[in-house]
Amino acid sequence: MFIAMKIRAIMVAVGASVLLSSGMTSAYAYPVNDAPDLTNNSLYAVGKLPEAACAEKPAKGKTLASVTKHVNAVISCLNDTWGSYLKEANLQFVPTLVEMKGTHKTDCRGRTLSPKKSAVFYCGRHANFIVQIRSDWIKASDDVQIFAQLSSAYGEHVLNMVDIAEAYNALHADDGTEMSEQLRRYNLQAQCISGVTAKSLWSALGYPAKDAKRLADLAKTGANKSKIDIFGKGANLAYWFNRGYSTGNPKSCNTWTAPSGKVA
């Protein structure tokens, strides 16, 4: 069953940042209980994601056609790598589809897209990506930002496939503060899965080893600049990404049992 992200959590995240300023006095201010698909998901027992066996990605180039070809190659590698991994573990997998939207006005959640910035959005209900390619990707000197956004969105697809998205949607929250923490746990887990993905695909796709650190830096900077508290502190986002990248194992991405301070 394909699941869209919990809308009420998004609405609370937009308006509840003031509630977070009071801080957390307990290591587990809002423990997640009675949700085994979150705290003890089958994904955590599968083991490391093997190194990808994909062909080296085509050059990004400086045209819409070349960037489109590049994006499709990366997504194909994501589908092949995670598909083999999940199917061998007898877990559900459906390859994500891609919609290239040159003039799309809104994403699948109704949010207005920037006419100047490239973007990747995961639409869980249909298990597809909306990819908007703009001049920033076309003119960029390298393709690290492109991979960062694709792998981040793909983390949501993985969570959807293993029923974590569905279990997250079913969580009860007593107030907006608890709901915001649940949303951060979900998003930080997707970012950690993005780190696992990078560990597997980085060398296979031909990315320079020296550029790997930039992925965590990009995530941290994005969280610190965000006006909407869906990831929490940039340092925590970088922590979870680096945790996934260093282990290469989804087991290390269990944000649902982590102390509140690690998902603040």
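**Close-up views of a predicted model**

**View 1. Helix H5, a mostly covered helix.** Of the 18 residues in H5, 16 are buried, so the helix is mostly covered. The model shown here and in every view below is predicted. H5 covers residues 144-161. From its first C-alpha to its last, H5 reaches 26 Å, close to the 26 Å expected at 1.5 Å a residue. Asp 163 follows H5. The phi of Asp 163 is positive, near 70 degrees.

**View 2. The whole chain, for orientation.** The protein has 264 residues, and 51% of them are buried. Its secondary structure comes to 9 helices and 3 strands. The order from the N terminus is α-α-α-β-β-β-α-α-α-α-α-α. Take the contacts between residues at least 6 apart in sequence: 76% of them join residues at least 24 apart.

**View 3. The largest nonpolar core.** This core holds 67 residues. Leu 38, Leu 43, Val 71, Trp 82, Leu 86, Phe 147 and Trp 256 touch the most other members. Helix H5 supplies the largest share of the core, 10 residues.

**View 4. Trp 256 and its contacts.** Trp 256 is one of the core residues that touch the most other members. Leaving aside residues up to four places away in sequence, Trp 256 touches Val 32, Leu 38, Thr 39 and Tyr 44, among others. Its contacts also include Ile 164, Tyr 168 and Leu 171. Gln 182, Arg 185, Tyr 186 and Gln 189 are among them too.

**View 5. H3 crossing H5.** Helix H3 spans residues 64-88. The axes of H3 and H5 come within 11 Å and cross at roughly 35 degrees. The crossing is right-handed. On the H3 side, the contact is made by Val 67, His 70, Val 71, Val 74, Ile 75, Leu 78, Asn 79, Trp 82 and Leu 86. On the H5 side, Ile 146, Phe 147, Leu 150, Tyr 154, Val 158 and Met 161 take part. An α-helix has 3.6 residues a turn, so residues three or four places apart point the same way. Val 71, Trp 82 and Leu 86 of H3 and Phe 147 of H5 make this contact. These four are also among the core residues that touch the most other members.

**View 6. H5 crossing H7.** The axes of H5 and H7 come within 7 Å. They cross at roughly 115 degrees. This crossing, too, is right-handed. H5 contributes Phe 147, Ser 151, Ser 152, Gly 155, Glu 156, Val 158 and Leu 159 to the contact. H7 contributes Tyr 186, Gln 189, Ala 190, Gln 191, Ile 193, Ser 194, Thr 197, Ala 198 and Leu 201.

View 7. H7 runs over residues 176-201, 26 residues in total. It reaches 37 Å from its first C-alpha to its last, close to the 38 Å expected at 1.5 Å a residue. H7 is mostly covered, with 25 of its 26 residues buried. At the start of the helix, a side-chain oxygen of Asp 175 comes to within 3.1 Å of the backbone nitrogen of Thr 177.

**View 8. Asn 187, a polar residue inside H7.** Asn 187 is found in helix H7. Its relative accessibility is 6%, so Asn 187 counts as buried. A polar atom of the Asn 187 side chain lies 2.9 Å from the backbone oxygen of Ile 230.

View 9. H9 spans residues 234-247. Its 14 residues should span 20 Å at 1.5 Å a residue, and the end C-alpha atoms are 20 Å apart, which agrees. The buried residues of H9 are Gly 234, Asn 236, Leu 237, Ala 238, Trp 240, Phe 241 and Gly 244. Ala 235 lies in H9 and is partly exposed, with a relative accessible area of 46%. Ala 235 and Ala 216 are 19 residues apart in sequence. Their C-alpha atoms are 9.4 Å apart in space. Just after H9, Gly 248 takes a positive phi of about 65 degrees.

**View 10. Two loop residues with positive phi.** Most residues other than glycine have a negative phi. Asp 34 is not a glycine, yet its phi is positive, about 55 degrees. It sits in the loop between helix H1 and helix H2. Asp 34 is exposed, at 80% relative accessible area. Asn 90 also has a positive phi, near 60 degrees. Its place is in the loop between H3 and strand S1. Asn 90 is exposed because its relative accessible area is 73%, over the 50% cut-off.

Technical notes:
Residues numbered from 1 in each chain as written. Heavy atoms only, no water. Helix = DSSP H or I, 4+ residues; strand = E, 2+ residues; numbered from the N terminus. Expected span 1.5 Å × (residues − 1). Buried < 20%, exposed > 50% of the residue type's maximum accessible area, 1.4 Å probe, protein only. Polar contact = N/O pair within 3.5 Å; in protein donor to acceptor, adjacent residues only side chain to side chain. Core = buried A, V, L, I, M, F, W, Y, C linked by side-chain atoms within 4.5 Å. Contact = heavy atoms within 4.5 Å. Axes fitted to C-alpha atoms, helices over the stretch in contact; angles between N-to-C directions. Left-handed = near helix turned anticlockwise from the far one by under 90°.
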